[in-house]
Amino acid sequence: MANKDIELIKDGKRLDGRRFDELRNIKIKAGVLERADGSAYLEWGKNRVIAAVYGPRNLHPKFLQDPTKAYLRCTYNMAAFSVEDRKRPGPDRRSVEISKVTADALRCVVMLEKYPNAVIDVFIEILQADAGTRCAGLAAASVALAHAGIPMKDLVSTCTAGKIGDEVVVDLGKEEDNYGEADVPIAILPTKKEVVLLQMDGKLTREEFDKAYELAVDGATKVYEIQKAALAMVGGN
Ligand code: ADP
């Protein structure tokens, strides 16, 4: 990860000119796919993401059904053309991991007990990747679930923070993610500030971690406002 030869901060500014606490530009549009029950398109810097939700519908095969609640499953996929070199299509270790942590985070908010024996499918397609796609995908998926009209306790809002050079900064870009020291993606339920995803790649001291956590929560709170605005544009359903 870390590469001391690459200067990620020059004259107190990051490579793309951002301040340490500044997010990349984020745009979200809910209701972009006709044949999904809920959907969202999200741009986060150069990331481009579509999330689609199908269900709740009856789960097959039947032996997987749970009479007490719905089963929420998630598929995170990177398109072959989403990264610089063509990505080999199909699931890999990374996409299986991201699908799992995304589903775990979403299960914390969706009122699964309202739909016994059902399945809710969440698909996240990364059309263009530029660091932070697990956060971008989860933020889009949460809007798509709300757009599908599925009852939720809250939205899930996300952001990363990390260390580049000697500075702790929010929302790492591609070079910062590749050559920085550490990366901490988080997801929160914004009204209660409850954490539903927290991962860390690289090393941070306790103080640096606390600072990164604070920056990521502030970032996620800004993302929450953009998510709510996207849902308000379509009347929330
Ligand atoms: P995240 O996208 O959540 O930051 P990672 O830290 O695993 O997840 O990946 C960082 C970035 O590395 C991705 O956003 C993407 O731009 C790039 N990347 C990931 N997988 C590949 C791949 N197979 N080929 C090329 N680039 C990739």
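Predicted model: local features only at pLDDT ≥ 70, side-chain atom pairs only at ≥ 80, totals over all residues.
Local features require pLDDT of at least 70 and side-chain atom pairs pLDDT 80 or more, whereas totals for chains, interfaces and linings use all residues. Residues are numbered from 1 along each chain as its sequence is written, and side-chain values use heavy atoms, with hydrogens and water left out.

Two aromatic pairs are present, where rings of Phe, Tyr and Trp (its six-membered ring) pair if their centres lie within 6.5 Å, and planes under 30 degrees apart count as stacked, over 60 as edge-to-face and the rest as tilted.

| Pair | Centre to centre | Angle between planes | Class |
|---|---|---|---|
| Y54 and F123 | 5.8 Å | 75 degrees | edge-to-face |
| F209 and Y213 | 6.3 Å | 25 degrees | stacked |

Because Y54 belongs to strand β5 (residues 47-58) and F123 to strand β7 (residues 118-128), their pair ties together parts 69 residues apart in sequence; helices (H or I, at least four residues) and strands (E, at least two) are DSSP runs, numbered from the N terminus. Y54 is partly exposed at 25% relative accessibility, and F123 is partly exposed at 29%, the class between buried (under 20% relative accessible area) and exposed (over 50%), with a 1.4 Å probe and protein chains only.

F209 and Y213, by contrast, both lie in helix α4 (residues 206-233), four residues apart, or about one turn of the helix, and Y213 is partly exposed at 27%.

Helix α2 (residues 133-147) has 14 of its 15 residues buried, so it is largely enclosed by the rest of the structure. G149, which follows α2, has a positive phi near 80 degrees.
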